[in-house]
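Colleague: Could you walk me through the aromatic contacts here? I'm new to this one.

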Amino acid sequence: MKLIIRVMPEAPQDWSDHALWWEQRKCWLLKTHWTLDKFGIQADADLRYTPQHKPLLLQLPNMKTIKMTVSFSSVVFKAVAEICQMLNIRRSEELSLLKPPDDPSKKKKKKDKNSAEEDIWDVDLFGGGPGGTGPMHSKTMTATYDPENGMPVSATSLWFGENPLAESQPNLPPAELAKMYRPLSPVDKAPYSAGWLDSSRSLMEQDIQDEEKLLLRFKYNVFFDLNPKYDGVRITQLYEQARWSILLEQIDCTEEEMLMFASLQYHICKLTLSSEPLDHSNEPEIDEVEAALSNLEVTLEGGLADRILEDITDIPELADTLRLFRPKRLTLRSYKEYWFVFKDTTISYYKNKETSSGEPLEQFHLRGCEVVPDVNVTEKKFGIKLLLPVADGMNEVYIRCDNQTQYAKWKAACILASKGKTMAYSSYKSEVRNIQSFLQMKSLAPPPGQAAPDLNAMEMNAECFFSPRYAKKHKTKQLTARILEAHQNIARLSLMEAKMRFIQAWQSLPEFGINYYIVRFKGSKKDEILGISYNRLIRIDMSSGMPITTWRFANMKQWNVNWEIRQVTIEFDQNVSMAFCCVSCDCKVVHEFIGGYIFLSTRSKDQNETLDEELFHKLTGGQE
């Protein structure tokens, strides 16, 4: 047996953080009460006595890189929790570590040269350690460390004063942004999505080396209990991840939406550069009565809540003339006018108002459906796309409203109905207001009585706020004028409100939160794309990029993995099932995504932020 102990000249005398690492088996020997024989160690074993905590380079969502000492012996789920506590980010279960895909276009020498010039913040978990000098270590932050529980004593001890991670980063010059920009198809995105580390194994077990660079990102796109008072860093980093996904076109959006995102970025940059200290005391508070009703809804989630709320008040109904379109192959989009009635969680439509007392032409049951906006405020197009669940996937229905007010009411009702809620819920009115506010942001028309913007008032390059492809379509002066016009609608938002609006607008995009994987479905002779979102699985044709079938998590009965042939099988309601093998990644990555989203759906506010780690590993760990 070979035992390697490396002692550095200036190594600390405290060996409490060291443990044995079995090189051949790629595992830690952490059960110190076990004998080597019980571990199954033979004479030829290669054991290394090495620190459990090692330095790691982490690129945050804002593209800043920090150097931290993190646990290489804990499973990634726990290591990320430690990292997030150090950075003061709540809800660490929403984040994970991503291994960036190899970029063969970059030469090694050029890569090394660029990395040496990178501004890296050095965070020493153990306190009192060397912070480093030179361009790689522009800032050194220390915190006390408790070896007994393996967690930092205080997250706020990292910084004296305001946490710099709660501040937005300035936009890059257009030339620098253009170097980073690469148009990606779903096929191109598959290698990126395959890089998520296994949450049930440690960094060492996944061949991560000292000072290797990993990406810390929000993995699961369900952001629970965002609160400006406690989540300054979390909201800012979430905004930064959203901002970069827009600028690099990792998610598609219309030109109108790109302009809205640009005006919000300009507003956030303007407030950030004003050097005013972060003050959340002026942030809008949730009305106490509304908050109490919302908590009541959470507590009474399900059929009982509906019955109690119906006893309290009559359930409102909507009735109006709208237009309908049912897409079919080889047909033009032609809308027909009908009389629509929205009652409970069901939409019925009739030939006209006079026939509404009889049987409807058709009914749409919205529980479990997906609601997608189909809006262009400039062209006065206010449409709602409904994806209705059926046995073999989803049916598409398009409904067109006449104006913003009508659209806000009907879309809000559809959103609540998709969750099994009626318009009697207190959140209906706030949902209507949010939709109206969102439409106002997208409008180029200035508020009544507002003077025309001064083009010289903008001190920043407007191209910085657009993706390179959109920036090329217009001259800088045109972009400046459009941003300033749109900015008048959001000029009164506070810094935190603007970030929250940006995140909400990002979440409303049709492609939000979809991770793409190349798979081979059982019975198919060609590779296809599987899209995994927070609420559904999407089968996508690889050549056309068009969705073929959609399955919702809400209709899922069970899923399992045949680890011998690496095949995932999923069963849904109404005896629908499908199976596939992963081509672009290990099936464990997909299995963890599905189990992770199921796990996150069990969270509630009364859990006091304590997580059932055992349940997470049970749902995501597989055979391990």
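Modeller: Rings of Phe, Tyr and Trp (its six-membered ring) pair if their centres lie within 6.5 Å, and planes under 30 degrees apart count as stacked, over 60 as edge-to-face and the rest as tilted. Trp196, Tyr220, Tyr517, Phe553, Phe593 and Tyr597 form one aromatic cluster. This is a predicted model, where local features need pLDDT of at least 70 and side-chain atom pairs pLDDT 80 or more, while totals for chains, interfaces and linings use all residues. Residues are numbered from 1 along each chain as its sequence is written, and side-chain values use heavy atoms, leaving out hydrogens and water.

Colleague: How many aromatic pairs are found in the whole structure?

Modeller: The search of the whole structure gives 30 aromatic pairs. In one of these pairs, Trp15 and Tyr49 are stacked, with 6.0 Å from centre to centre and 20 degrees between the planes.

Colleague: Switching topic, which charged end sits over the ring of Tyr335?

Modeller: That of Arg400, 4.4 Å from the ring centre; the term requires NZ of Lys or CZ of Arg within 6 Å of the ring centre and within 35 degrees of the ring normal. Likewise, the charged end of Lys473 sits over the ring of Tyr470, 4.9 Å from its centre.
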